[in-house]
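Visitor: I would like to learn how to read a few features of a structure. Could you take me through them one at a time?

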Amino acid sequence: MYIKSLMYQDKSTNWKLESVPFKPLTLLVGASGVGKTQILKALLNLKNISHGELFNGFKWEIEFLSNKGEDCKWCGEFESIVTSGTRFPFEPFPEPQWNYPNIYFENLFINDKHIIKRDAKEIIFNGQKTVQLPQEKSTIYLLNEESLIKDIFESFEKIVFNNSFNDSNQFPVFCQADDIELKLNRYDSIESIRNSKETIRNKFYLCCKKNYPIFNEIENLFIDIFPSVEKITVDAISSIFNSIIPSIAIKEKGVLDWIHQNQISSGMFRSLMHIAELYLCADDTVILIDEFENSLGINCINQVTRSILDSERNLQFIITSHHPYIINDVGFEHWKIVTRNGSVVKAIDAEKFGIGRSKHQAFTQLANLAAFSEGTAN
Amino acid sequence: MNLYFLVEGKTEIEVYPKWLNHLLPDLSRVKFAKYATNNNYYLISGMGYPRLLDVTLIDSFAEINELGNYNYLILVIDADDFNEQEKIDEV
């Protein structure tokens, strides 16, 4: 999937993002509280809507290239139901709930052809009226077995939000001990691992277990960043519940014992997971990273950023950061300066603020913008 | 006469334009350094980030030398733990 642009609005809170065009790498910069994270969450919510979830008062328009390269536009709107109590913007509608917000309208265009036309009364799919279907679920979800829609449904599966992989104390289960041979045999190529729904840690374990050269490529890049490390391995631990849990360990020069996953520093662990993600995610993945610098040490921040910039894979990155090193390293042509006036959020190209017209470092120019320091722009 | 101000923090960005308005009312501010023609000033800040002297000041030199339209560079920094002469020596 490649996301070309996004517009969203949460009518229940009056939050609105004006249409933002994205690039293969987009770095969202701006003052705290302007809505950078909300942009990532809106994309994630669209993934969830495509998978059948409902969001009260959510209105959207997204343009994208599907996994098969089709030029698509999908827009729609949920009704806004007034709820009691405080709600955060874009929070999924609470369950159980007997009064679901219905979808007012939904349209899907593929290569400019109007494939789905939905209003409060009916759904027209490829020129034909469908049987009555639940009004609170998106048609991407309801019709995902149709060949025309399957590509769209699967495209949204390529959006990943990676803020959970920095925790070295988490040990996701790979499989039950009895199934390990079966599961290992299921993956017979790096492509089958990349395209699987396994977590990045499980994919990394599979590559280690199968001695795929890509494991050494990841290891070598990691050692370039952390020269004190000489080896990485992924062991399978059997838990008391008879399940197999992959656990990463590193061997440092001059240190006798292996350093096990829960003892690895969070900066090292997160760097390793970032690199593994770059090598092991499926083609056409859209990677969303909030506050990229979190837990990355000063010694690895530039190189991990560089590994993203140098990635030759067919991936899209939408990242937020406050860190001067990261912002400077990622050229200003990739920046979107996010500002908010009241409830209206805009993300504007840095060039439009005159960034690049000075000999000063791009971050210095950015820091001097009121749009950046105050978070508002006309 | 054109002046190029490099200041250290965020407060100066607020204070200096107002102060200059009283002190040198004929001087008007330009948004980008290259727009200075006659009786203009340009003001840029390190915004409190480190590396003011070893990066931002050097970038200011490069900009002024390239443009050739400034008569003075005015550097505004705190002496911090140094005395005035020690800070001048450091610069």
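Guide: We can begin with aromatic rings. This is a predicted model, and it holds 18 aromatic pairs over all chains.

Visitor: How is a pair of aromatic rings described?

Guide: Two values describe a pair of aromatic rings: the distance of the centres and the angle of the planes. Take A:Tyr8 and A:Phe58 here: the ring centres are 6.3 Å apart and the planes stand at 15°, so this pair is stacked. Planes under 30 degrees apart count as stacked.

Visitor: Where in chain A do A:Tyr8 and A:Phe58 lie?

Guide: A:Tyr8 lies in strand E1 and A:Phe58 in strand E4, which covers residues 58-65, so the pair ties together parts that are 50 residues apart in sequence. Both A:Tyr8 and A:Phe58 are buried.

Visitor: Which residues form one aromatic cluster with them?

Guide: The cluster consists of A:Tyr8, A:Phe55, A:Phe58, A:Trp60, A:Phe64, A:Trp74, A:Phe78 and A:Phe156.

Visitor: Next, salt bridges. How many are there over all chains?

Guide: The count comes to 13 salt bridges over all chains. To read one, look at the distance from N to O, then at where the two partners lie. In the salt bridge between A:Glu77 and A:Lys11, the closest N and O atoms are 3.2 Å apart. A:Glu77 belongs to strand E5 (residues 71-78) and A:Lys11 to the loop between strands E1 and E2 of chain A, so parts 66 residues apart in sequence are tied together.

Visitor: Are these two partners buried or exposed?

Guide: A:Glu77 counts as buried, at 7% relative accessibility, while A:Lys11 counts as partly exposed, at 34%.

Visitor: What about the salt bridge of A:Arg118 and A:Glu106?

Guide: Those side chains meet at 2.7 Å, N to O. A:Arg118 is in strand E7 (residues 113-118) and A:Glu106 in strand E6 (residues 103-110) of chain A, so the pair ties together parts 12 residues apart in sequence. Both A:Arg118 and A:Glu106 are buried.

Visitor: And what does the salt bridge of B:Glu66 with A:Lys359 join?

Guide: The closest N and O atoms of B:Glu66 and A:Lys359 are 3.2 Å apart. B:Glu66 lies in helix H2 (residues 52-67) of chain B and A:Lys359 in the loop between strand E18 and helix H11 of chain A, so the pair joins two chains. B:Glu66 is exposed, with a relative accessible area of 52%; A:Lys359 is partly exposed at 40%.

Visitor: How does one find empty space inside a model?

Guide: Rolling a probe the size of a water molecule over the atoms shows where empty space is left. Here the count comes to 1 cavity of 30 Å³ or more, and the largest cavity has a volume of about 40 Å³.

Visitor: Which residues line the largest cavity?

Guide: The lining is made up of A:Leu25, A:Leu27, A:Phe292, A:Thr305, A:Ile308, A:Leu309, A:Ile319, A:Ile326 and A:Val330. By type, 8 are nonpolar, 1 is polar and none is charged. Strand E3 (25-29) and helix H9 (298-309) of chain A each supply at least two residues of this lining, and H9(A) gives the most, with 3 residues.

Visitor: A:Thr26 is also in strand E3. Is A:Thr26 buried or exposed?

Guide: A:Thr26 is buried, with a relative accessible area of 1%. Leaving aside neighbours within four places in sequence, A:Thr26 is in contact with A:Phe317, A:Ile318, A:Ile319, A:His334 and A:Lys336. One of these, A:Ile319, is also among the lining residues of the largest cavity.

Technical notes: Residues are numbered from 1 along each chain as its sequence is written. Chains are lettered from A and ligands numbered from 1 in the order in which they are written. This is a predicted model: local features need pLDDT of at least 70, side-chain atom pairs count only at pLDDT 80 or more; totals for chains, interfaces and linings use all residues. Side-chain values use heavy atoms; hydrogens and water are left out. On a 1 Å grid over the protein atoms alone, a cavity is a set of points where a 1.4 Å probe fits but cannot get out, and a pocket is an open set with protein on both sides within 12 Å along at least five of seven lines; lining residues have an atom within 4 Å of a point. Grid points are joined across faces, edges and corners, and a volume is the space filled by probe spheres set on the points. Helices (H or I, at least four residues) and strands (E, at least two) are DSSP runs, numbered from the N terminus. Ala, Val, Leu, Ile, Met, Phe, Trp, Tyr, Cys and Pro count as nonpolar, Asp, Glu, Lys and Arg as charged, and the others, Gly among them, as polar. A salt bridge is a side-chain nitrogen of Lys or Arg within 4 Å of a carboxyl oxygen of Asp or Glu. Buried means under 20% relative accessible area, exposed over 50%, partly exposed in between (1.4 Å probe, protein chains only). Contact means heavy atoms within 4.5 Å. Rings of Phe, Tyr and Trp (its six-membered ring) pair if their centres lie within 6.5 Å; planes under 30 degrees apart count as stacked, over 60 as edge-to-face and the rest as tilted.
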